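Good morning, and thank you for coming. I would like to take you through one structure, from its strands to its helices and charged pairs.

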Amino acid sequence: VSEPGQIMFRGVVTTISVVPIPDSRAAPRVTFLDQVLKVAVGSQYSGSIEAAMERFLRRTVRVEATACLSVVAPKLGVVPGRVEVRGQRTKWGNCSARGNLSFNWRLAMAPPHVLRYIVVHEAVHLVVPDHSPKFWLTMQSMCPETERARQWLVANGERVMATGISRALH
Ligand SMILES: [Zn+2]
């Protein structure tokens, strides 16, 4: 098991600490505590730590998106359908015609206000499907961080979007 080093997590370069469990084949368990991502893994585990880390990042996006939606959806008077976390190559989030929402796992690398912005953006699409003035007015009232998040995405979005999990760990 090699030490993957660091990853951008919630907008901060974060150290990954691999803690081997002796004489064990235990699959990796990732926890975030005291600003460190700890990976406890059996010393004889033969799978990939990268895959475990991507699963953790996906879970993080799901938990945070769900928490954000539970606040925002009632304010908008909507009930979202399924919430999925995907690895889209070109989209941070999507709202389907059936009202299902999907979010990119790479949002776990972005600062929390950017994740919130994307979640609110897709939730507002449940009410206003286009990017009309009504959409942006609703965004401004639901998400005061809209402008700051959009600026972050302009400056960093392409680079983070191009990141695969093996390149995210360095
Ligand atoms: Zn949109």
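Two strands are said to pair if DSSP finds at least two bridges between them. Helices (H or I, at least four residues) and strands (E, at least two) are DSSP runs, numbered from the N terminus. What you see is a predicted model, in which local features need pLDDT of at least 70 and side-chain atom pairs count only at pLDDT 80 or more, while totals for chains, interfaces and linings use all residues. Residues are numbered from 1 along each chain as its sequence is written, and side-chain values use heavy atoms, with hydrogens and water left out.

Let me begin with the chain as a whole. The protein chain has 5 helices and 7 strands, and along the sequence they follow the pattern β-β-β-β-α-β-β-β-α-α-α-α. Taken along the principal axes, the C-alpha atoms fill a box of roughly 60 × 30 × 30 Å. The protein chain has 170 residues, of which 48% count as buried; buried means under 20% relative accessible area, exposed over 50%, and partly exposed in between, with a 1.4 Å probe and protein chains only. A contact means heavy atoms within 4.5 Å. Of the contacts in the protein chain with a separation of 6 or more, 47% are between residues 24 or more positions apart.

Strands of a sheet pair through backbone hydrogen bonds, either parallel or antiparallel. Strand 1 (residues 6–9) and strand 2 (residues 12–21) run antiparallel and are joined by 4 bridges. Within this pair, Met8 stands opposite Val13 in strand 2. The two strands form a hairpin with 2 residues between them, and Arg10 in the turn has a positive phi of about 55 degrees. Strand 2 also pairs with strand 4 (residues 36–42), here in the parallel sense, over 7 bridges. In that pairing, Val19 stands opposite Ala40 in strand 4.

In what order do the strands of the open sheet of 3 strands lie? The order is 5-7-6, with mixed pairing. Its edge strands, strand 5 (83–86) and strand 6 (93–95), each pair on one side only. From one strand to the next, the twist averages 20 degrees; for such angles, axes are lines fitted to C-alpha atoms, for helices over the stretch in contact, and angles run from 0 to 180 degrees between N-to-C directions. Strand 6 and strand 7 (residues 101–104) run antiparallel, joined by 3 bridges, and Cys95 has Leu101 in strand 7 as its bridge partner.

Two helices accompany these strands. Helix 2 (residues 112–125) packs on the sheet and touches strand 6 and strand 7, its direction making about 15 degrees with that of strand 6. Helix 1 (residues 49–76) lies across strand 5 and strand 7, running at about 150 degrees to strand 5.

Helix 2 has a further partner. Two packed helices are described by the angle between their axes and the distance between the axes. The axes of helix 2 and helix 4 (residues 146–161) come within 9 Å and cross at roughly 105 degrees. Helix 2 is therefore roughly perpendicular to helix 4; angles under 35 degrees count as roughly parallel, over 145 as roughly antiparallel, 65 to 115 as roughly perpendicular and the rest as oblique.

Finally, the charged pairs. How many salt bridges does a search of the whole structure find? It finds 6, a salt bridge being a side-chain nitrogen of Lys or Arg within 4 Å of a carboxyl oxygen of Asp or Glu. Arg82, Glu84 and Arg86 are linked in a network. Arg82 meets Glu84 at 3.1 Å, N to O, and the closest N and O atoms of Arg86 and Glu84 are 2.7 Å apart. Arg82 counts as exposed because its relative accessibility is 52%, whereas Glu84 is partly exposed at 23% and Arg86 is partly exposed at 39%.

Elsewhere, the side chains of Glu145 and Arg116 meet in a salt bridge of 2.5 Å, N to O. This pair links distant parts of the chain, 29 residues apart: Glu145 is in the loop between helix 3 (133–142) and helix 4, and Arg116 is in helix 2. Arg116 is partly exposed, with a relative accessible area of 34%.
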